[in-house]
Amino acid sequence: MNLSNCPLDSTVTVLYVEGTPAQQLRYAEMGLLPGSTAAAILSGFGRRRVIKLGAERIAFAPEAASKVHVQLAGSARR
Amino acid sequence: MTCHDTGDGSVQVGAGAAGAGAATATLPLTGRQIILVGRPNVGKSTLFNLLTGSHQKTMNVPRTTVSVEVGTWALATGERVSITDLPGTYSLNPTSPDEEVTAHAVDDCAREIAAAGADSHRLAVVVLDATALGSSLYLYAQTRLSGVPVVVALSMNDMAAASGTSVDPERLARALGAPVVPINPRLGRGAAELEAALDRVDRAPSGLIPLPIFDDPAATSSTVNPGADPAAGVSPPEASHSGVSRLEADEELERAHRLFGWVREVLEHIQPADEGQDGSSAKGRATPSDRLDRFLLRPLYGIPVFLAVLWATFQLTTTISGPIQDWLEGLVTGPLTSGVSGLLELASAPRWLMSLTVDGLIAGVGTVVSFLPLMAIIFTMIFLLEDSGYLARVAVMADRAMQSLGLDGRAVLPLVIGFGCNIPALTATKTIPDARQRLLTGLLIPYSSCTARLVIYLLLASVFFPGHAGTVVFAMYIVSALVILGVAYALRKTAFHSLVREPLVIVLPAYQTPRFGSLGRAVALRCSGFARRAGVVILALSMGVWTLMAIPVDGEHAIGDMDMPVQSSLFGAASSAIAPIFEPAGFGDWHISASLITGFVAKEAVVGTLATTYGMDEPAEGAAPRDLSEQLHATFDASSGGYPALAAAAFMVFCLVYTPCMVTVAEQKRLFGAKITAGSVGGSILLAWLLAVGIFQIGRLFL
């Protein structure tokens with residue numbers, strides 16, 4: 001699943017980010033590194049998502065959220 | 001962006017390498033030069049304001065549309081230090097013009113340090129957010145890797161403490177190998193400690209401990225040296241700054257992984273996992289900002305609140321500021337004008353001098369002064385929205401709507417304000433972080449139908465479309481929206497074709513109580529900047545129009561003769577000369593072209609000028625006196641060849657689209673430069689003519 005269709009108020013682990021290396025770098029520099037970050041989905045606005053990364057809140061438009069592939073924390077990777 | 005020494009005791013601020021022809025501005029150099037580096041919303045600008053007070057100015061970086069704040073910090077020792085507040089950035093790999101300025105500034109400083117060594121006195125203060133240390137440390141690592149000596153200013157530690165994640169500055173300093181100074185610029189704390197730390201580092205820059213990743217770039221589990229003395233002499237770090245900006249993106253991605261590995265090590269050292277900087281414990285401890293976002297970012301509540309904020313901003317810039325503006329205008333045209341006229345009469349000044357002073361100089365000054373309340377209100381609203389943290393939420397909620405224009409969600413605020421008045425709308429573009437998006441929004445704002453244009457629509461709609469005036473006025477706002485969409489599309493396909501609108505990913509800062517203590521000073525600074533820069537342009541144009549109206553062409557009147565009919569002046573001659581240009585649009589008459597000339601000074605002047613050219617008093621607001629109505633009918637009927645309503649519609653569209661008022665133009669020039677403003681004005685006049693001609697000529701085919 002990805003961030004845009006993740007259940008609200010859940011905790012996820014980032015698997016990988018789609019896109020070119022430059023686009024991946026942009027997300028990485030905000031802390032969205034594969035396998036190393038646990039984020040809590042706070043709230044949504046349609047398919048927008050706001051996640052809590054550490055103490056930081058990051059909002060994603062649907063197109064951006066769909067590029068971040070995640071799994072629910074504690075679940076096995078499919 | 002350079003920050004180099006000219007050798008004569010000054011420093012130049014410019015984009016790219018210095019050299020002949022590089023546009024620069026000179027700052028007084030008294031020793032150290034400091035750049036402030038940090039992510040957006042970490043408190044960098046608050047710190048800058050604390051250190052510089054009122055000794056600061058906004059400077060445009062040459063060959064860009066980015067501006068930076070440059071100021072002077074008066075130290076306790078009496079030394080004056082230059083500080084530059086660089087645009088906020090998440091990393092030194094830039095993705096926008098603003099971030100490029102910051103990346104270049106760090107890069108150029110590093111080069112100068114490498115060249116000058118210990119005599120360079122160039123320093124960086126990296127502002128870290130204690131509530132989001134992980135992501136802040138990445139930028140710190142990049143800055144350290146560049147080779148610039150760094151002092152860390154740790155902000156928001158009080159908020160971190162409130163959420164149970166406070167940071168021990170001593171422990172962090174040992175981990176980072178650089179001094180860490182806790183600051184609270186909102187309360188005015190930390191300046192003295194920061195001064196002392198900068199002095200220490202400047203005297204011994206080699207005392208900074210190299211980051212472990214210098215020695216083992218492939219390691220992700222590099223150890224931190226907790227016992228080292230930051231003041232101990234060690235060899236300077238490798239000047240690897242040249243690698244940061246030149247690596248390919250995939251190599252940068254690998255580097256980012258390594259840097260974040262180091263960040264995790266540091267976080268583990270200063271704040272073990274159970275104290276929480278990771279998501280799991282953050283989820284378990286909801287902050288007040290989290291709770292507010294659950295409410296404000298839900299469509300059911302968020303949209304009404306968002307619309308209410310937009311409505312309040314719109315109302316404040318129109319309804320509330322209007323009476324204040326009217327009062328100030330009354331003050332200028334009443335007591336001030338009477339007083340000055342009286343004094344000039346006592347001094348037996350010639351009539352032309354009295355006219356120049358009253359109708360040219362005082363009128364121009366009065367225009368500037370009358371707009372100050374409006375500017376103060378909009379600066380206040382922007383300050384409150386930014387400082388509270390709500391503006392970032394606006395960007396999220398308006399993102400979908402702004403997609404059609406290819407703009408950031410934050411562009412909604414200036415575009416909406418533009419339907420009240422274009423001037424504060426242009427000022428509000430400063431809330432858009434990306435310089436290109438800021439420029440694109442600034443070029444669209446003049447096509448927002450402001451309330452001044454409404455006066456024109458009301459008059460013509462009531463004269464030429466009686467019984468349907470309301471519908472016609474509403475249609476003009478639809479036309480305005482369509483023109484904005486059309487111009488945005490055209491610009492995105494041409495001048496802005498390289499502007500890539502990345503899907504919105506935005507950090508939402510914590511909600512904070514706005515700094516009311518700093519509000520007054522911030523607003524005063526901005527207003528004085530507006531008065532200083534825009535005022536010069538406005539005054540020049542006001543005097544120009546007076547000159548046109550004061551110079552006779554018929555040989556029967558003296559210069560400045562206040563009883564001279566308009567058509568006997570150079571202004572009247574100029575109006576007659578340009579009238580034929582508008583014949584294809586159906587309103588090629590000198591009365592109408594005269595009103596368009598003064599409409600450039602102020603859109604409200606269109607109606608007054610029409611009345612003046614017909615030698616009658618200005619109609620009461622909202623009314624269409626029979627005499628003026630008949631005159632307008634006769635004029636439009638004659639100039640259009642029997643299609644007066646169609647010509648009036650074409651005229652209304654021309655008034656909507658052609659150049660905005662001179663105050664708007666002056667503000668555009670202040671924000672974006674003369675070249676861009678000239679292009680915008682020329683383009684709008686051409687577009688207005690094409691649309692007016694198209695409406696008239698095509699409309700005639702169907703009538």
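## A buried arginine and its partner

Arg258(B) is buried, with a relative accessible area of 15%; buried means under 20% relative accessible area, exposed over 50% and partly exposed in between, with a 1.4 Å probe and protein chains only. Its side chain meets that of Glu254(B) in a salt bridge (3.5 Å, N to O). A salt bridge here is a side-chain nitrogen of Lys or Arg within 4 Å of a carboxyl oxygen of Asp or Glu. Because Arg258(B) and Glu254(B) are 4 residues apart in helix α9 (residues 249-270) of chain B, about one helical turn separates them. Helices are DSSP runs (H or I, at least four residues), numbered from the N terminus.

This is a predicted model, in which local features need pLDDT of at least 70 and side-chain atom pairs count only at pLDDT 80 or more, while totals for chains, interfaces and linings use all residues. Residues are numbered from 1 along each chain as its sequence is written, chains are lettered from A and ligands numbered from 1 in the order in which they are written, and side-chain values use heavy atoms, leaving out hydrogens and water.

## Other salt bridges

Over all chains, the structure holds 17 salt bridges. One of them joins Glu667(B) to Arg670(B), with the closest N and O atoms 2.8 Å apart. These two residues lie 3 residues apart in helix α26 (residues 662-672) of chain B, about one turn of the helix. Glu667(B) is buried at 0% relative accessible area, and Arg670(B) counts as buried at 19%.

Asp293(B) and Arg393(B) also meet in a salt bridge (2.8 Å, N to O). Asp293(B) is in helix α11 (residues 288-296) of chain B and Arg393(B) in helix α14 (residues 390-403) of chain B, so the pair ties together parts that are 100 residues apart in sequence. Both residues are buried. They belong to a network of salt bridges that links Lys52(A), Arg57(A), Asp290(B), Asp293(B) and Arg393(B).

## One face of helix α11

Buried residues in α11(B) are Ser289(B), Asp290(B), Asp293(B) and Leu296(B). Seen down the helix axis, the buried residues of α11(B) fall within an arc of 135° (taken from the directions from the axis to the C-beta atoms), so they line one face of the helix.

## Nonpolar cores

A nonpolar core is a set of buried Ala, Val, Leu, Ile, Met, Phe, Trp, Tyr and Cys residues joined through side-chain atoms within 4.5 Å. The largest has 88 residues, of which Tyr390(B), Leu444(B), Phe587(B), Leu632(B), Phe636(B) and Phe651(B) touch the most other members. Helix α25 (residues 644-657) of chain B gives the largest share of this core, 11 residues. Another core, of 67 residues, lies apart from it and includes Leu51(B), Ala105(B), Leu128(B) and Leu194(B).
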